[in-house]
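Biologist: Walk me through this model, please. I want each label set against its rule.

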Amino acid sequence: MDGNGRWACSRGLPRVEGHRAGVQALRRLVRGCLELDGVDTLTVFAFSSENWDRPRAEVRALLVLIESTLLSEMDSLIASGAAANRRPEHKRLLLCVALSYGARQEIAHAARELASSVAAGELAPEDIDDGLFATHLHRASYSVPTDPDLVIRTGGHQRLSNFLLYQSAYAELVYLATFWPDFDATHLDWAVSEYGRRQRTFGSLLHDETMIERGDEDLALHDEATFECGDKDRAMGIKLGGLER
């Protein structure tokens, strides 16, 4: 949810007004997700661990806005079919609000917990795998977001900025130049459509790509290498062009 402050400054308004306008965009996003089939979890990055370094007045205004929004919106969220930071069976959407969150800190915390277990003789180092590590990333049983399929960032910056680094290993990333307060159903529909156009292999190959006759294997590998090297710039141009339209 990036670009609130820049949205406000471009209109000659205090930065806090951009954060207030961003609440309206969040309402539109939740409504849009509830209308989409297959979306059961939405995680929003409301306040990062690095945001504490902002001016004290802005931090105070942000925290007051977040608290008041969560309190005032809770009933309407539940009535619409969403639940904040818990997943009752009858709800259609789990809304996870990341507050004072940093992915590097989360990973370091998980590593310390596992190291302590190993030092205490409760766990063997060889028993640590990615699945076990993931169980130490979050502690509240109803607040654990699944690995995201799609990460949308507004505001024009093309980076994750310490958000769900471990969980987003195979997420599809969509970057929008639009400032967060202007985000609406049109942007959500486009991002979901862009996600649907991508082929997710998770490091494997598509079925058609595995159907290679033994006699043509070297040729197929040569063709793939030619595309990766000779057409690298063209391929990147297609991808970035798609993200920016």
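The talk below goes label by label.

Modeller: This is a predicted model, where local features need pLDDT of at least 70, side-chain atom pairs count only at pLDDT 80 or more, and totals for chains, interfaces and linings use all residues. Residues are numbered from 1 along each chain as its sequence is written, and side-chain values use heavy atoms, with hydrogens and water left out.

Biologist: How many helices and strands are there in the protein chain?

Modeller: The protein chain has 9 helices and 5 strands. Both are DSSP runs numbered from the N terminus: helices are H or I with at least four residues, strands are E with at least two.

Biologist: How do you know that the length of helix H2 agrees with its residue count?

Modeller: The expected span is 1.5 Å times one less than the number of residues. Helix H2 (residues 15–35) has 21 residues, so it should span 30 Å; its end C-alpha atoms are 31 Å apart, which agrees.

Biologist: Why is aspartate 130 called exposed?

Modeller: Exposed means over 50% relative accessible area, buried means under 20%, and partly exposed lies in between (1.4 Å probe, protein chains only). Aspartate 130 has 57%, so aspartate 130 is exposed. Its place is in helix H5 (residues 130–135).

Biologist: What do Asp2 and Arg153 form with their side chains?

Modeller: A salt bridge, at 3.0 Å, N to O. The rule asks for a side-chain nitrogen of Lys or Arg within 4 Å of a carboxyl oxygen of Asp or Glu. The pair links distant parts of the chain, 151 residues apart: aspartate 2 is in the segment before helix H1 (4–9), arginine 153 in strand S4 (residues 150–153). Both residues are buried. By the rule, the count comes to 12 salt bridges.

Biologist: What makes glutamate 172 and arginine 200 a salt bridge?

Modeller: Their closest N and O atoms are 3.6 Å apart, and the limit is 4 Å. Glutamate 172 lies in strand S5 and arginine 200 in the loop between H6 and H7, so the pair ties together parts 28 residues apart in sequence.

Biologist: Buried or exposed: why does glutamate 172 count as it does?

Modeller: Glutamate 172 has 15% relative accessibility, so it counts as buried. Arginine 200 has 23%, so arginine 200 counts as partly exposed.

Biologist: Which residue does glutamate 172 also meet in a salt bridge, at 3.2 Å?

Modeller: Arginine 198. Both arginine 198 and glutamate 172 are buried. A network of salt bridges links Asp149, Glu172, Glu194, Arg197, Arg198 and Arg200.
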